[in-house]
Amino acid sequence: CTSADFNTRKGLTGLGGAPFTSPAALFYCYDGGAVCAKEVLRLFGRPVLLNELRGEYGFSPDGALMQERFGDADLGGQRSSKEFAGATATTR
C-alpha cells in the first residue's frame, strides 16, 4: 500500500479510515474490459476484511490514461451492497 492516493483515501473504498482499521493490500484483475479490485483491510493490525469492486475499464485514445468504473461491490461481507453508489478512478 505505497500509493499516496491509496493512503490518503484510506484504501480503495475509504473504509480503511474507520476506527482501528487500516488498508493492508489491493489486488486487481483485468479481463476483456472487465476489472475486479479486491481490497484487504486490517482490523486491530490483522488482515480481516475483504471488499470487492466490479466494473469495467478503458484507455484514452492516446493510451496515456486508464479509467476504471465500478458499478457493483461486495462491502463488509454483504454481496452487491446497496450502500455502494459506484466509483470511478483515472490513472496516468
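Select cysteine 29 and look at what it touches: leaving out residues up to four places away in sequence, you'll find Ala34, Val35 and Cys36. Touching, or contact, means heavy atoms within 4.5 Å.

Before you click on, know that this is a predicted model, where local features need pLDDT of at least 70, side-chain atom pairs count only at pLDDT 80 or more, and totals for chains, interfaces and linings use all residues. Numbering runs from 1 along each chain as its sequence is written, and side-chain values use heavy atoms, with hydrogens and water left out.

**Stop 1: strand E1**

Cysteine 29 sits in strand E1. Strands (E, at least two residues) and helices (H or I, at least four) are DSSP runs, numbered from the N terminus. Is cysteine 29 buried, exposed or partly exposed? It's partly exposed, with a relative accessible area of 47%. For these labels, buried is under 20% relative accessible area, exposed is over 50%, and partly exposed is in between (1.4 Å probe, protein chains only).

Draw a C-alpha to C-alpha line from leucine 26 to arginine 42, and you get 12 Å for a pair 16 residues apart in sequence.

**Stop 2: the nonpolar core**

Select Leu12, Val35, Ala37, Leu53, Phe70, Ala73, Leu75 and Phe84, and you have the largest nonpolar core, 8 residues in all. Strand E2 (34-43) and strand E4 (66-74) each bring at least two residues to this core. A nonpolar core here is a set of buried Ala, Val, Leu, Ile, Met, Phe, Trp, Tyr and Cys residues joined through side-chain atoms within 4.5 Å. In soluble globular proteins, nonpolar side chains tend to be buried together.

Zoom in on leucine 53. Again skipping residues up to four places away, its contacts are Leu12, Thr13, Val35, Cys36, Ala37, Phe70, Asp72, Ala73 and Phe84.

Hop from there to threonine 13, in the loop between helix H1 (4-8) and strand E1 (21-31). Threonine 13 counts as partly exposed at 25% relative accessibility. What does threonine 13 touch, if you skip residues up to four places away? Glu39, Asn51, Leu53 and Leu75. Aspartate 74 is 61 residues from threonine 13 in sequence, yet the C-alpha atoms are 11 Å apart in space.

**Stop 3: two loops with a positive phi**

Most residues other than glycine have a negative phi, and most peptide bonds are trans. With that in mind, select phenylalanine 44, whose phi is near 55 degrees, a positive value in a residue other than glycine. You'll find phenylalanine 44 in the loop between E2 and strand E3 (46-59), and it's exposed, with a relative accessible area of 60%. Threonine 21 is 6.4 Å away from phenylalanine 44, C-alpha to C-alpha, though the pair is 23 residues apart in sequence.

Then jump to serine 80, in the loop between E4 and strand E5 (87-91). Serine 80 has a positive phi as well, near 45 degrees, and is partly exposed at 33% relative accessibility.

**Stop 4: zoom out**

Show the whole chain. It has 1 helix and 5 strands, in the order α-β-β-β-β-β along the sequence. The C-alpha trace spans about 45 × 30 × 20 Å along its principal axes. Of the 92 residues, 27% count as buried.

How does the radius of gyration fit a compact globule? For 92 residues such a globule would be near 12 Å, and this chain's 13 Å agrees. That radius is taken over C-alpha atoms, and the globule rule is 2.2 Å times the number of residues to the power 0.38.
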